[in-house]
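The sequence and structure are shown first.

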Amino acid sequence: MKITDITVEVTSEPKAHAVRDAIQLLDRNGHTRVRIDTDEGVSGESTTYFGRVESSPAILGKLIEDQFAPVIVGEDPTLIRGIRQQLQTLTDYQGTAGLSSYGISAIDQALWDLLGKSLGVPVWKLLGAQRTAIPSYAMVGWLELDVAGLERVSAQAMEQGFRGVKMKVGGGPLTADVQRIKAVRNVIGPDAPLMVDANQAFGYAEALRRGRVYEELDCRWFEEPLPAGDTEGHVRLAEKLDIPIATGENRYGQAAFRDLIARGGVGVVQPDLRRAGGVTDCLEIGLLAAGFGVPYASHGGGAHIHVLAALPNTIYVESGLLNGNVELVDGCYPLPEGPGLSSWNG
Ligand SMILES: [Mg+2]
């Protein structure tokens, strides 16, 4: 089998309801869709999502069409790691992290989709699954919501059957965080996991000060307390706090996780399928973390569910509120049965 063509489709439009975290307003729905065709008539597809910056989907599309496609066309699509190696070499001079890694991830996911479809099985079966359902929590506590709004969405998440909820912190003073966390805890009950996410907003001293309070409030983890690349800061913070530090959504490629995991700077590893390198790198990051006894919770859901099915250290898939196309069973997402990298989010 040979790759014959790569096509890209781009959309970018304002979001109907913009959401806010501690560092940014996410006000756009942008997508870059990639299709890889072969000489045997089988195709693979992937979709990369952008929540900010109008031009990003088109720039990614241009990167894939102009730089990546000429290298990949003619290759055997089942050589997924071989193609990754070629693209890493190709992008080394301009920087393999950042948008290049988004492109490598998009190609990787389309190749796994293609492989699954060529064999007529979902990708989680190819990866050697450990489970048939993935425990899930709902990320619903955005900062544009007032306390009443927070209470409403938290109740909705629990009614839909989620195990627990995540909320943003760091949008105001610590007193505001405390008020909001207590309100959500009151809605979800004493035993449901409640995670807090600062989206890289704090410096070391403030992260330590707030982390001690989140710990007292029985939060399940403290997500992105510091700028994502500050490995040393994460290591020092993890030494001081009992609450697990969760991070990883803004790191690119397996190598970016190595020192962080090995030095104990992360208590819950959270790669993003779009940034970290797709199925291949997320699987490798997850196995690296498993070797150090660190649990894995995806950033985002969708096609990531295939990786979560296979990893021994999976604890949660992240989700928004359900949109009607799937129901949770005992707080878990069932695995999709469609061939390739199918997901519940379309
Ligand atoms: Mg996050």
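A pocket here is an open set of points on a 1 Å grid over the protein atoms alone, with protein on both sides within 12 Å along at least five of seven lines, and lining residues have an atom within 4 Å of a point. Grid points are joined across faces, edges and corners, and a volume is the space filled by probe spheres set on the points. The model is predicted: local features need pLDDT of at least 70 and side-chain atom pairs pLDDT 80 or more, while totals for chains, interfaces and linings use all residues. Residues are numbered from 1 along each chain as its sequence is written, and side-chain values use heavy atoms, without hydrogens and water.

Of the 14 residues that line the second largest pocket, Gln88, Thr96, Tyr252, Gly253 and Gln254 lie nearest its centre. Two or more lining residues come from each of α2, α3 and α11 (278-291); helices are DSSP runs of H or I with at least four residues, numbered from the N terminus. The lining comprises five nonpolar, six polar and three charged residues. Ala, Val, Leu, Ile, Met, Phe, Trp, Tyr, Cys and Pro count as nonpolar, Asp, Glu, Lys and Arg as charged, and the others, Gly among them, as polar. The second largest pocket lies between domain 1 (3-119) and domain 2 (124-334), because both give residues to its lining. The domain bounds come from an automatic or database domain assignment.

## The cavity

One cavity of 30 Å³ or more is found in a search of the whole structure; a cavity is a set of points where a 1.4 Å probe fits but cannot get out. The volume of the largest cavity is about 50 Å³.

Ile80, Ile83, Arg84, Leu87, Ile104, Ile107, Asp108, Leu111 and Gly277 line the largest cavity. At least two of the lining residues are supplied by each of α2 (80-91) and α3 (99-119). By class, six are nonpolar, one is polar and two are charged.

## Helix packing

Helix α1 (residues 56-72) packs against α3 at an angle of about 60 degrees, and their axes are 10 Å apart. Helix α1 is therefore oblique to α3. Axes are lines fitted to C-alpha atoms, for helices over the stretch in contact, and angles run from 0 to 180 degrees between N-to-C directions.

Helix α7 (residues 204-216) and helix α8 (residues 231-240) have axes that come within 10 Å and cross at roughly 30 degrees. Helix α7 is therefore roughly parallel to α8. Angles under 35 degrees count as roughly parallel, over 145 as roughly antiparallel, 65 to 115 as roughly perpendicular and the rest as oblique.
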